[in-house]
Amino acid sequence: MVNGEKIKAMMEEKGITQKAMAASIGTSEPMVSFIIAGLREPSLTNLSRIAHVLGCKTSELIID
């Protein structure tokens with residue numbers, strides 16, 4: 001399961017909007033919102049892209 005709160009916090013720290021994240025990973029802004037809220041899980045490809053944009057490892061975005 002993805003840690004939406006951590007993604008949100010890292011985005012805020014880096015000044016990345018949901019719109020910018022969506023454009024960077026090739027998905028819609030609502031999908032990014034759903035991922036952050038925990039309503040949807042990103043594909044492995046999109047999880048990897050999110051990690052790349054945030055400058056972290058994919059493992060850092062997953063709840064143990």
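User: What does buried mean here, and which residues of helix α2 are buried?

Analyst: Buried means under 20% relative accessible area. The model is a predicted one. Helix α2 covers residues 18-25. Its buried residues are Met 21, Ala 22 and Ile 25.

User: Why do these residues lie on the same side of α2?

Analyst: The residues concerned are Met 21, Ala 22 and Ile 25. They are on the same side of α2 because around the axis they cover an arc of only 100°.

User: Which exposed residues does the opposite face of α2 carry?

Analyst: Exposed residues have over 50% relative accessible area. On the face of α2 turned away from the buried side, these are Lys 19 and Ala 23.

User: Against which helices do the buried residues of α2 pack?

Analyst: The protein chain has four helices and zero strands, in the order α-α-α-α from the N terminus. The buried residues of α2 pack against α1 (4-14), α3 (29-37) and α4 (44-54).

User: Which residue just after α2 takes a positive phi?

Analyst: Helix α2 spans residues 18-25. Just after α2, a positive phi of about 80° is taken by Gly 26.

User: What radius of gyration does the protein chain have?

Analyst: The C-alpha trace spans about 30 × 20 × 20 Å along its principal axes. For 64 residues, a compact globule would have a radius of gyration near 11 Å. The protein chain agrees with this, at 10 Å.

How values were computed. Residues numbered from 1 in each chain as written. Predicted model: local features only at pLDDT ≥ 70, side-chain atom pairs only at ≥ 80, totals over all residues. Heavy atoms only, no water. Buried < 20%, exposed > 50% of the residue type's maximum accessible area, 1.4 Å probe, protein only. Helix = DSSP H or I, 4+ residues; strand = E, 2+ residues; numbered from the N terminus. Arc of directions from axis to C-beta. Contact = heavy atoms within 4.5 Å. Rg over C-alpha atoms; globule rule 2.2 N^0.38 Å.
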